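Subject: Structure handover

Hello,

Here is the structure I said I would pass on. Please open it and keep it in view while you read the notes below.

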Amino acid sequence: MEEKNNSSEQFKPRDIKDVTKNWGFLGRLDSSVFVISVIICFGFIFWGAIDHKSLGDVLGKILSYITTNWGWMFLGGVFFFVLFLFGLAFSKYGKVKLGKDGDVPEYSNFSWFAMLFGCGMGVGLIFWAVAEPVYHYLYGPTYAGAHGSVQAAEWSMAISFFHWGLSAWAVYVIVAIPIGILVFRKGMPALISTCFYPVLGDKIYGPIGKAIDIMTLVLTFFGMSTTIGLGTMELGAGITYKYGVASGLSLNVIILFIVTACYLASACLPIERGIKIGSDISMIATLGLMLFLFLVGPTKYILDNFVNATGLYIQNFVHMSMWSDPVEKTGWLGGWTVFYWAWWITWAPFVGMFIAKISKGRTIKEVVLAALVVPTLFDMAFFDIFGSTSVSFELAEATKGVIEKAISNDIASAIYVLFNQFPLSDLIAPIILFVCFTFFVVSADSCTLVLGMLSSGGDENPRTGLKIMWGIAMACSAGVLLALGGLNAVQTIAIVASFPFTFVMFGMCYTTMKLLRHDHLFQSSTGTNQIMTGAKQGTTIS
């Protein structure tokens, strides 16, 4: 294999003008990717608007097939992603930067972590942190013991840690690493198809590459639609519970309209003024909520439960990752672990690309350890404070059933019911609504950016008009999901949409290793850079 002095010479992307056309207000677009994606996404919206019952029936049948026959793939696949990333981080490739050698991080660690958290989890934590541990305590998996038992109470937090921990963030980072290297180090277009350049060469600009980008765009669209749906439900529940406004589709539509206007306004600003500021504010408010509940809640139980649940999580990580319920087949996995893994996968393209964008100048090892470990610890602390407090109410005879009843009536209201048991609840409720709102706006704003990039041939700064168009479409899609039945519809579309992209992610692991083996730049102990070259323009790496 021929060696050169600059490995980036092997990656010569085509000019965006050569693969896109001018669409006026929307800017330059990859016409085939944009048109086909619009047909699929808007087709879903129109079908749901015209006959949401038949749409729900079709999605339900597809869901049943996937969870029955392919649940094992989600479980084994996500476990593999975790092992793959830690192996990569501690290998010689861990020193490779997501960017040029001289690049330095563009954001402070606090802002970086805040954007990671706000973009990668956000409103989902607010929605589930109170309800999920109670669910696992009362209706958990068979390995957690009898429902409502002491053993189930202990396992409830460990299972929540598992769902929101390393496995979730590994799904995102699997996408972030090849994107970061190929886009910021090699100058390739910011597209998921770019990750397959080491295998396909210039064929990424052909039908195969376009099919990957269409799949990615559609998946990202539906993944964000599910989150917008959850966020709308959470805001609506808070307004209904604290201010007595009648709940229902009308309230959700009004909330959806207001929030959509806000995230579209944010999308018109650069990251430094929109997403970054929103992430910093929401992170500070979230820390304030956590500190308040930690101090006024069952502090000792929160600490005891954190230590105990962390031990169960670490000790049983492999077991929980691979448990497929092969004998009893209770169906629990489809509603929880498989749903979560599918949900994270629907977010993987947009969060992975966003992580790559804000991590420019950081090494693979730094990104893997920081983006997996730090957000995981934060999620664990958040769940422990909120979840332990809610479980403690169910364990005490005097308050038993308070949280469980709220979850049964409206899961989104659980966090407001919890804080209503403590002083200053009238002051805290607006803060919860604010945190939910800012997480909502940050996530949706980030997604409009990524959808714009995917439909414009990888342009890192897509036209504002294009982002607005996708932002409005996501809101309409979320409205359809709410009309279809809220949470059940969200779970269904997440699993159905994520299924084909799981195979793409397996392929990305292979191409990442192929890229790093043949085009690896690392720092020796003397600081000398050593280069192993990759593919020539238009050819694959052999």
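Trp 23 counts as partly exposed, because its relative accessibility is 36%. In this predicted model, Trp 23 is found in the loop between β1 (21-22) and β2 (28-29). Together with Val 35 and Ile 39, Trp 23 makes a nonpolar surface patch of about 270 Å².

Next, the charged pairs. Side chains of opposite charge can pair when their charged atoms come close. The whole structure has 5 salt bridges, and three of them are described here.

One joins the side chains of Lys 210 and Asp 30, at 2.8 Å from N to O. Lys 210 is in helix α10 (residues 207-243) and Asp 30 is in the loop between β2 and α2 (31-69), so this pair ties together parts that are 180 residues apart in sequence. Is Asp 30 buried or exposed? Asp 30 counts as buried, because its relative accessibility is 7% and the cut-off for buried is under 20%.

Another salt bridge is between Asp 57 and Lys 53, at 3.5 Å from N to O. These two residues are 4 apart in helix α2, so about one helical turn separates them. Asp 57 is partly exposed at 40% relative accessibility, whereas Lys 53 is exposed at 59%.

Lys 242 also forms a salt bridge, with Asp 426, and their closest N and O atoms are 3.1 Å apart. Lys 242 belongs to helix α10 and Asp 426 to helix α20 (residues 425-455), so the pair links parts 184 residues apart in sequence. Asp 426 is exposed, with a relative accessible area of 61%.

Now the inside. Rolling a probe the size of a water molecule over the atoms shows where empty space is left. The structure holds 2 cavities of 30 Å³ or more.

The largest cavity has a volume of about 80 Å³. Its lining includes Asp 30 and Lys 210, the two residues of the salt bridge at 2.8 Å. Also among the lining residues are Val 19, Pro 189, Tyr 205 and Gly 457. By class, this lining has 5 nonpolar, 3 polar and 3 charged residues.

The second largest cavity has a volume of about 40 Å³. Which helix gives the most to its lining? That is α8, with 3 residues. Both α8 (166-184) and α16 (337-358) supply at least two residues each. Among the residues lining this cavity are Phe 184, Met 353, Lys 357 and Glu 460. The lining divides into 6 nonpolar, no polar and 2 charged residues.

Regards

Technical notes: Residues are numbered from 1 along each chain as its sequence is written. This is a predicted model: local features need pLDDT of at least 70, side-chain atom pairs count only at pLDDT 80 or more; totals for chains, interfaces and linings use all residues. Side-chain values use heavy atoms; hydrogens and water are left out. On a 1 Å grid over the protein atoms alone, a cavity is a set of points where a 1.4 Å probe fits but cannot get out, and a pocket is an open set with protein on both sides within 12 Å along at least five of seven lines; lining residues have an atom within 4 Å of a point. Grid points are joined across faces, edges and corners, and a volume is the space filled by probe spheres set on the points. Ala, Val, Leu, Ile, Met, Phe, Trp, Tyr, Cys and Pro count as nonpolar, Asp, Glu, Lys and Arg as charged, and the others, Gly among them, as polar. Patches are made of residues with over 30% relative accessible area and no salt bridge: like charges are joined within 9 Å, nonpolar side chains (Val, Leu, Ile, Met, Phe, Trp, Tyr) within 5 Å. Accessible areas come from the Shrake-Rupley method with a 1.4 Å probe; for residues, only the protein chains shown count as cover. A salt bridge is a side-chain nitrogen of Lys or Arg within 4 Å of a carboxyl oxygen of Asp or Glu. Buried means under 20% relative accessible area, exposed over 50%, partly exposed in between (1.4 Å probe, protein chains only).
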